[in-house]
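Student: I am new to this one. Could we go through it, asking what each term rests on?

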Amino acid sequence: MSTPSPQTVLITGANGQLGYELQQSAPAHIDVVATDSSSLDITRSRQIDLAIEKHQPHCIINAAAYTAVDQAETDDEQAYLINSTAPALIAQAIAARAEQGQSIKLIQISTDFVFDGQQA
């Protein structure tokens, strides 16, 4: 049985519960690059581009999120930036590379705790 060739997976939100578990459960043949907000600001497209250039990931797992649900009601701009804008920026960076023939998969993690914002 042959060993799979090493692949690089870039994980955002590495210091969170999910990011931590993803690192712990990664198969041995996966090279994990674990980033947190201090090493990769996913709200800045240039930082995303630099991380992709540096690490050449085969896959990006975005486990970063604004998870303080109650606080998100008053800090809605930051919550939107992290939970909506940042994933779009990652997807755009991947799409730009696809146009150049580079294939990077994206796994976007979300939550089942969703509300429509209509309740006070």
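Student: Which residue of β2 is the bridge partner of L10?

Tutor: V33 in β2 is the bridge partner of L10. This is a predicted model, where local features need pLDDT of at least 70, side-chain atom pairs count only at pLDDT 80 or more, and totals for chains, interfaces and linings use all residues. Residues are numbered from 1 along each chain as its sequence is written, and side-chain values use heavy atoms, with hydrogens and water left out.

Student: What makes β1 and β2 a pair?

Tutor: Strands pair if DSSP finds at least two bridges between them. β1 and β2 (residues 30-34) have five, in the parallel sense. So they pair. Strands themselves are DSSP runs of E, at least two residues; helices are runs of H or I, at least four; both are numbered from the N terminus.

Student: How many bridges join β1 to β3?

Tutor: Four, and these strands run parallel. T12 stands opposite N62 in β3.

Student: Why is β1 called largely enclosed?

Tutor: Buried means under 20% relative accessible area, exposed over 50%, partly exposed in between (1.4 Å probe, protein chains only). Five of the six residues of β1 are buried, so the rest of the structure largely encloses this strand.

Student: How do you know which side of α2 the buried residues take?

Tutor: In α2 (residues 45-55), I48, A51 and I52 are buried. They cover an arc of only 95° around the axis, which puts them on the same side of α2. That arc uses the directions from the helix axis to the C-beta atoms. R46 and K54, on the other side, are exposed.
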